[in-house]
Amino acid sequence: METIYLDNNATSKVAPEVLEEMLPYLRDLYGNPSSMHTFGGQVARNIRQGRERVAALLKCDPAEIIFTSCGTESDNTAIKGTLAAVPNKRKIITTRVEHPAVLTACREMENHGYTVIELAVDEKGQIDLDELIDAVDDDTALVSIMYANNETGVIFPIDKIAEIVQQEGAIFHTDAVQAVGKIPLNLNESKIDLLSISGHKLHAPKGVGVLYVKKGTRLSPFMVGGHQEAGRRAGTENVAGIVALGKACELAATNLDEENTKVKNLRDKLENTILKSCLQCRLNGDKDNRLPNTSNISFEFIEGEAILLLLDRFGICASSGSACTSGSLEPSHVLRAMGVPFTAAHGSIRFSLSRYNTEKEIEFVIEKMPEIVNRLRQLSPFVAGQ
Ligand code: PLP
């Protein structure tokens, strides 16, 4: 059975060109870039090239790129590194729909005497900028608002937000883990201070990430030890991962148009057909203002997990909007924040596509979905009239 992979917001396939480029650094060129000998030292220039390629995709200076181990480390560094660098300010502003890498790090700071404000979102998953303007003040150290939501794909007006935050003298971080490689960014023209990336979401392997730090931004190191990354992040560099992420960024830059044409068209075809062919389902999020690859659909009166299990029998990989914690199904905090009713939040499925998906795969999923939904509805004790 072939795998139809529609879970790219969870993780993505390593691009063949990326794998090819990184392999020599695992096999032959294993030296430490900090070594004095030529064998080790020679890979320092490959790290430099990786940095330049990431900077080219983000349109920023290579010196503004710090390599990390993942998106979670980048988010934690941004939050904890900012608070340590600005000790006299005691307020953090974020949103209710952030990834746990941001939400948990912010909530943890409440135990250290910080006030954390989590901005609400409307039914489309969008924040109210007036609420942000009211909340941010001269006691605000950091505002952390994601570029695009991982569950719904909803995009936030990040450049406008960054301007509001800058006017109040606070530092602005955005978790762009889901946005980079899917929509164009131009950091030279933006007021964003800190931005997180994760390699495995854009066809590089797991174990490498980036924190962009705008020149002049105050930030204390989160990882201390050696002098790597100009003293901003200690730890021997993941050379193969950095080379891979550089290549993935180069590919992403050339594939951005495809992301917004081919991938978006496939996503729209999948979504529109499912919404027509399966009864009692609804789109979660903002139909227009979202990532081109993401679709989050709720199927009333059935469990997302049950849909996933039946999809899995056909080799189809997707995600559900609820997570099994302590034996009970907890609906997604994102959908709950958007006011999605409990029964709909429970039955939500996220499809997230990539440039590797084909028309044939999408047609197969479109054919199977009504069968799966009808079968589960027949078993559901909650369906009206049954
Ligand atoms: N932020 C967002 C929006 C994500 O979607 C994810 C991963 O799902 C992360 C952060 C964490 O990234 P990583 O898995 O690289 O730690």
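Ala230 is exposed, with a relative accessible area of 69%; exposed means over 50%, buried under 20%, and partly exposed in between, computed with a 1.4 Å probe on protein chains only. This is a predicted model, so local features need pLDDT of at least 70 and side-chain atom pairs count only at pLDDT 80 or more, while totals for chains, interfaces and linings use all residues. Residues are numbered from 1 along each chain as its sequence is written, and side-chain values use heavy atoms, with hydrogens and water left out.

Back to Ala230. Ala230 sits in the loop between S8 and H8. Phi of Ala230 is positive, about 55°, although the residue is not a glycine. As background, most residues other than glycine have a negative phi.

His203 also has a positive phi, near 70°, and is not a glycine. His203 lies in the loop between S7 and S8. Is His203 buried or exposed? His203 is buried, at a relative accessible area of 6%.

A further positive phi, near 55°, belongs to Lys59, which follows H3. That brings me to helix H3 itself. H3 covers residues 44-58, 15 residues in total, and reaches 21 Å from its first C-alpha to its last. That is close to the 21 Å expected at 1.5 Å a residue, where the expected span is 1.5 Å times one less than the number of residues.

Which residues of H3 are buried? They are Asn46, Ile47, Gly50, Arg51, Arg53, Val54, Ala55, Leu57 and Leu58. Their cover includes helix H1 (16-27), strands S2 (65-68), S7 (194-198) and S8 (209-213), and helix H8 (239-277). Contact here means heavy atoms within 4.5 Å.

Take H8 out of that group. H3 and H8 pack with their axes 8 Å apart at an angle of about 30°. Axes are lines fitted to C-alpha atoms, for helices over the stretch in contact, and angles run from 0 to 180 degrees between N-to-C directions. H3 is therefore roughly parallel to H8; angles under 35 degrees count as roughly parallel, over 145 as roughly antiparallel, 65 to 115 as roughly perpendicular, and the rest as oblique. H3 passes H8 in a left-handed crossing, meaning that the near helix is turned anticlockwise from the far one by less than a right angle; clockwise would be right-handed.

On the H3 side, the residues involved are Asn46, Ile47, Gly50, Arg53, Val54 and Leu57, and among those they meet in H8 are Val239, Ile242, Val243 and Gly246. By class, this contact has ten nonpolar, three polar and three charged residues. Ala, Val, Leu, Ile, Met, Phe, Trp, Tyr, Cys and Pro count as nonpolar, Asp, Glu, Lys and Arg as charged, and the others, Gly among them, as polar.

H8 has another partner, H12 (residues 359-379): their axes come within 10 Å and cross at roughly 15°. H8 and H12 are therefore roughly parallel to each other, and their crossing is right-handed. H8 contributes Leu266, Lys269, Leu270, Thr273, Ile274 and Ser277, and H12 contributes residues including Ile362, Val365, Ile366 and Met369. The classes here are eight nonpolar, two polar and three charged.

H12 also meets H9 (residues 304-313), with axes coming within 10 Å and crossing at roughly 135°. That makes H9 oblique to H12. This crossing is right-handed. Ala306, Ile307, Leu310, Leu311 and Arg313 of H9 make the contact with Met369, Ile372, Arg375 and Leu376 of H12. They divide into seven nonpolar, no polar and two charged.

Ile297, in strand S10 (residues 294-299), has a relative accessible area of 0%. Leaving out residues up to four places away in sequence, the residues Ile297 touches include Ile274, Leu275, Leu283 and Ile349.

Val102 is in helix H5 and is buried too, at 0% relative accessibility. Beyond four places in sequence, Val102 is in contact with Asp75, Ile79, Thr94, Ser144, His173 and Asp175. Val102 and Thr174 are 72 residues apart in sequence and 9.7 Å apart in space, C-alpha to C-alpha.

Definitions and conventions: Helices (H or I, at least four residues) and strands (E, at least two) are DSSP runs, numbered from the N terminus.
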